Structures are given as C-alpha cells and as structure tokens.
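Subject: Structure for you, with notes on the contact between two chains

Hello,

Here is the structure I said I would pass on. My notes follow below it.

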Amino acid sequence: MKLLKLVPEDTNIKFLKLRVPFFIFSLLLIAASWALVLVNGLNYGVDFAGGQEIRATFTQTEEAPIAELRSSVGSLENVGSPIVQTFGAPNEVSIRVKLPPEAEGNPEFAAEMTTAITDSLKANYSDIRIDGVDSVSGKVSGEFRQDAVLALLAAMLAVALYIWVRFEWQFGVGALFALFHDVSVTLGMFALFQLEFSLQIIAAILAIIGYSLNDTIVVYDRIRENLKKYRKMPLPELLDLSVNETLARTVMTSLTLLVALVPLLVVGPASLFGLVAAITAGLFIGTYSSVYLAAPVLIWLGVNSNSFVPQESKADIQERKARGEA
Amino acid sequence: MLDFPTWKKVWLWGLTLVAVLAAMPSLFSAANVDWPEALPHPQVNLGLDLAGGSHILLEADPSQVAAQRLENMEEAVRAEMRRAEPRIRIGDISTTNGQLSFMLDSPGDIDRARGLIEPLMQGNNLVREWNLSVVDTQRMILTPTDDGIEQAVDDAMESAIDVIRRRIDSLGTREPTIIRQGDTRIVVQVPGLEDTDQLKRLLGETAKLEFKLVDVNALITDIQAGVVPPGSQIFPYAEGTLQEGQLVAVRRLGGIRGDSLTNAQAGVDQRNNENVVNIQFDQQGASKFCSLSTENVNRPFAIILDEKVISAPNFNEPICGGSAQISGNFTAESANELAISLRSGALPVDLAVVEERTVGPDLGADSIRKGLLAMLIGSIAVVTLMIATYGRFGIYATIALIFNVLIILGLMAGLNTTLTLPGIAGFVITIGAAVDANVLINERIREERKRGRRVIAAVENGYKEASRAIYDANITNFIAGVLLFLFGSGPVRGFAVVLVIGLFTSVFTALVLTRMWVAGWLRAKRPSDINV
C-alpha cells in the first residue's frame, strides 16, 4: 500500500530568511490587536458584563418575530435596548440584556429582571419555550473577569517557567512571547468582529495556549537536539533545518486537529460555536507563532551551540585544578 | 524500550480493562440499554447544560448576621439585668458601630453586672466570641470579636443549607445538589426543573416570622413623616395585602420570633373562605405566645414576615393552645409557599440570587445529539487520515484512540466527574490532539529509517526521541488545564476536566499501549522493512 505523504521528503524551505519582516509584521499585529481591544472593546457576554441571556424557541412559528421581540422586551422597565438574534435556527432566539446602572450594589437585580422578562415573554407568546436562562449579577461578573485575567496570566507564566527549567531561559522567553502573540491576536479578532466574549472563550484561549505551546516545544526540542549534533552550523540555518525536519509532523497534527474541529463547527451545538471557532483560528495563529516568533527570538537572544553544554560544577573545577590541569 | 515482559503486559492490559469496564455503564445508558443492577455502576454525570436544570448561586450578607447577633445580645442583657436580684438598672443602650453599649445607673453594680454578662459571652465553641470593656466606671461595652462573627456567619451558612434542602425537598424535586462555596455563598443545582420561578421565590424568601405588638401611641403623622418613636420600628405592609402602601409602628422588643414553630399548613378559614396558614408553636413558643396574648387582650399585634407586615389583628382573647392562624389576603399558592417556608424554618440570613443558569431539557438533549454526531464525524476523519498516512502504524494509533476515549469515559465515571457541553468540545480536541503523540513517533520512525537505521533500532529510537517532546508538551498542557480548572467555573471546568484526564490517557495509550503492540508485532514477524 502506498502511504500518503502530506509533505515531500527533505524539504528545505528557508522559513527564517524572512524573519525580520515577519517579526515586524507580528509586532504590528499585536499592537493592532490591543488597539482594537482598547478602542472597540470586547463584546462581553453576560458572564463578564452581567445581565441576562435568554434563549427561547417558537414551537409553532417558522420564524421568530425579532423586531417585535426587540421592542416588546425593550419596553420593559430598566431593560434598555436588548440584543435579539436568531440562534442556530430561524425560530430560535437569544435575547441579551445588559445590566442597567441601577443594578449597582443590588445583587438581586439581575435575577429580578430575568423573571420580569421571562414572564412577559410567556404572556405575549403562547408558543414560546424558554430553553435557557443565564443571569449574572454585576458582582459575580466582576469576579469572572478578574479570574479570567488571572487564569490567562498564570497559565502563560507557569508554562514559560517550565520551559525555562527544561530548556534555557531564552527558550522560556521565546515561548512566552509566542503565547503573548497568540492571546493578543485572538483577543484582537474578538474585538474586530465583536463576537460574544464569554467564559467559554477563556477556555478556548487556554486550549490555544496549550496547542501553540505543543508546537513550540516540538520545534524547540528539535533545535536542542540539533544544537548538540551540529555544533558548527550557523544558528539561522540550524533553525531552518529544525523547522523543516518537524514540518511533516506540524502539518499532520494541525490537519488532524482541524478535521476533528470542523464537524463540531458545522454540525455541532450552536452554543459551542464561539469556543470551537476561536480554537480553530488559534490553530493557525499558534502554528505561525511557533515558527516565526518562538524560533527567531532564539537568534536575537543569543542562543548558541554552547547553550546546552553542561556547566562545570564547582566540585569539577576543584577536581580539575587538583589534577593540575589548566 | 521495546522489551515487554509478561508481567508488564498483564499489568497494562489489566489497567486498560478496568478503565474500559468502568466506561460501560455510561455507554449502556447512553444507548438506552439497562446495565445489570447487581454489578457496580459508576456513571459519568451529565452537567446541567446537557441534562437540563438550574444552577443558582446564592449570596448571604454577613453584616446582617452580625446585626442580628447584636440584637440577640441586647435582648439577653436586658433580660438578665431585669431578672437580677435586686434588679440592675441600665440605660442609654445603643448598638451603633457594631457594639453594644449601655450605662449602669449606679457604678456599684459593675461587678454584679459583669458576673451576669460573662456567661452570655461564652459561645459553645472554643473561640472567644465577645470582648467586654468598661469605660468611665459605669459604661459597659460589648464588642464582638472577628472570630466570633466569623463563627456566627459560618453557623448561619450551615443552617441555611439545611433550610434550603428542606424547602427544595418539599417541592418534590429530585436530587438537588446544595453546596457551600467560599465563605458566604451557596450553590444550588436542581436537575430537570422546567419552571424556576417558584424555586427562586422559595430560595429568596427568608421567612423570618415575627409577632410584635403594635405601638398604639405612635402618631400617624409621625409614622408618615418617618419619625420613629423611641423603642419602636416602622414596617410597611407586604405587597398584595389590602393595606399595601401603609406603614405600621411596632414595639421593637418583647415580641415572639417564628423560629419556635413545629408545623405550618396552608388551609382555608371556614368562616369567610379566606386562604390562611395554620401554625403550631413548640412548647416554649406556645407559653410565650400565651403570656403575650394574655397581657395584651384587645390590643393589636403585627404579624411580620421578612420585615413586612402581613396583617395586624387584635388579640381577641388569650391564645394558649399553641396554635394560631395567619391571614393576609393570600392566594392558595402563596399560602402554600409561605407554609413550606415556615415549615422548613427561617433562613438565618437573607440570601440573594447572584447568578442563575437554567437549561431546558430539550436543548440539552439536542446538544448531546449534535455533539456526538460531530465527534463521530471528526473521529472518522482523523482515523482515515492516520491510516492513510501511516498504514499499520496508523491502525495501531486508531486502536489506541478508541481505547483512549473509553478510558477517559471510564476515569470520568470512576472519579465521579461531570460531563458538560464544553466537555464534549474537550473530547473532540483530545481526539484531534491525542494522535499528535503517534504522529511525532511515526514521523520520527520515518526519519530514522531514512537515515538508514535497521527496523528495530528505528522504531526504538522513534519512541525514545519523540517521548521527550511528548512529555514536555503534555506537562505544559497539564499546567494550563489545571489553572483553567482552578479559575474557571461551571461548564468551563468540565472542559478542563476532560482535557486534563485526556492528557494522561493520551500519553498512556499513544506512548505505552502502541509501543507494546508494535513490539509484539516486530517480535512475531521480524520484518526487514516497514512501511511507515
């Protein structure tokens, strides 16, 4: 049986030739992402903004009366202008309502609003079925925001620390920088497209961190191996060799993950769409950053073939001196 | 690396078998087949987002517990001073700044007063609950210690959990989960409940019932203007009562609390067909109620529920039978809910709903169906790709993948974890990522062969050289997963659980099991060339 070869044997692509332009491009991308996050802001879902999201199905009607819902829910006290969208099918809707300023200091407010909205929906539409309610008070959503930031920072630092211990400090810095890029660009995409940013997206970003790191480690592991093997080879050449040698694996793994994710994106439950879409995008961002950020950073941080030669311990030095050697 | 003595094989197969068996009850129930009752049946729990149900987070206000405690202390001190022989006269009592402070009329009483108060300060715990200080020789100040307040909040939360459990049980709902979260929060999870309004009303109602004498001397104009007569309090009438909008002044002390009830039932008053709640006092409550009504015949008293007046009838006669009737323009439903709340006891502290997540059972079932379909299609795609690329080694990876999924399910059942909707996404990602280990190994074997190594050496080196990166990658992913679990909440934790368990099982199946199978094949066939 002839086996499939996704990548031709012995590729020799000069990935790192363009390292400076790509690095500048990445820096611009990171800056643009943060500018977007600061200017546009993230479209926080109820998890992070507080308020409620009510999902409902019209069992007798083909199409949900979106405009009517918007005005009828909007006319309720304190609701403001709700975001009403179809969700999955045309007869399924999601109604999102932000917390008004009056909710400040009143933990019950969100729950009371939810009851008012669901009561009015049930009274106005006889065929409506309430599928789900998420109602989060201002205090709890504030805690979620805080925990999310902590989780992301702690995860990035902890894994960078691990890599520092397992490899060298330059590798830890490189991995941390690549992760910072991945997280920034993902956030930037959410700010650009104003996709709902919820707790699930934090889970997605942590999965992206995990995946991107996986890629970075595979490349780094090969770089370390080659540094010991080819002690005279110039570093850029050695990095290119390492990336090329692991290219078949990179393509294959990205592809298996992609073919697993796409069905979930297409036929999976609508409420998982944001999470899966973020991870799918992160797949590409993470692969790119491993090759174009994590690797070239090593050149600029001065990794060389002596980086992995074990340092002489004090005992060794004494022993050597005792033997009278230089 | 390729040496597998029999004892090792037995161990590995044994472990695999146990985990796979543990997954069986969950698979049986997913396929609607009965698992024999006699056998152990660990099951993967379905999260509320898949099974349908409500998750409600309640938060208590600890300052309220402290205030209540101070009030109790005030009543106890007053009673002790009154009961003393001869009576110790005190005045200028205040409970501001979280302290109880009062003046003794004569400084000579100080030692007697101290002797009477000290036993009141002793809690039933080892911590010091109050500090007593004397200033200007005749002012006594009682300050609660932080430990004391903490202990009181803790006790209040524990008994609140009991009260909530009784209330939910009386709804006839099955298997609620009620757990304390942090210092002042309680999570209530009730599976498969369609209408959460009633549940929220029951949880939100403190049901603190009080009987207090109406302050008949208070001027209506004063009450309206918000001027509180000394020694009194002003309460509004409850919503839905006929007098809604009006205010009542009642004597602050000397009333009876509803925590001495033994029973409460909704009923109908035969005389006027009104919905009422019949209550039954315990012995102590009955005798207090008897003396209160005897001393105050023909005077009005207020029935107060959660700081709102339900009604304010007169004591027409002494009531000494230990039972009483509460009327207040109830509907049959609201009378029943009040009876349930009173029966389950008052919450020792107000609870506010700060987070609610409800998923209807239809949506949950739909999510499972769509999630499983996506998982099936994804798995077939991954397997096709693996076999097409690596041939025999791809088949080993595929079998490893099937065992991987079964072992994850088995471990989740055995560890009693919960599968959530993001958890299904975690499964799919694990399926996509688990083969990475095999990809790394197989690519390495290809390389080693290309460099001209013999089959056995190439395979051996492939596993050895690849395992370094596999371990590093999985450990860093483990770190990220654990942090997600620690900081995440609800369904997102379910995602972290699947990812973290999946890391261990992926390393086991991809690195250990496939190696055992490959080693067995190499040993049996001794191929001179391999197609990889």
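**Contact between chains A and B**

In this predicted model, 60 residues of chain B are in contact with 62 residues of chain A. On the side of chain B that touches chain A, at least two residues each come from β2 (53-60), α6 (197-204), β18 (351-359), α10 (361-390), α12 (421-450), α13 (455-487) and α14 (491-525). The most is given by α10(B), with 16 residues. Sorted by class, that side of chain B has 34 nonpolar, 13 polar and 13 charged residues.

**A sheet with strands from both chains**

Strand β5 (residues 128-136) of chain A and β18(B) run antiparallel and are joined by five bridges. Two of the positions can be looked up directly: A:G132 stands opposite B:V359, and A:V136 has B:E355 as its bridge partner.

The two strands belong to an open sheet of eight, with antiparallel pairing, in the order β3(A)-β4(A)-β2(A)-β5(A)-β18(B)-β2(B)-β8(B)-β7(B). At the edges are β3 (83-87) of chain A and β7 (177-181) of chain B, each of which pairs on one side only. On average, neighbouring strands are turned by 20° against each other, direction ignored.

Helix α5 (residues 138-166) of chain A packs on this sheet. The helix touches β5 of chain A as well as β2 and β18 of chain B, and its direction makes about 70° with that of β18(B).

Regards

Key:
Residues are numbered from 1 along each chain as its sequence is written. Chains are lettered from A and ligands numbered from 1 in the order in which they are written. This is a predicted model: local features need pLDDT of at least 70, side-chain atom pairs count only at pLDDT 80 or more; totals for chains, interfaces and linings use all residues. Two residues are in contact if their C-beta atoms, placed from the backbone, lie within 7 Å. Helices (H or I, at least four residues) and strands (E, at least two) are DSSP runs, numbered from the N terminus. Ala, Val, Leu, Ile, Met, Phe, Trp, Tyr, Cys and Pro count as nonpolar, Asp, Glu, Lys and Arg as charged, and the others, Gly among them, as polar. Two strands pair if DSSP finds at least two bridges between them. Axes are lines fitted to C-alpha atoms, for helices over the stretch in contact, and angles run from 0 to 180 degrees between N-to-C directions.
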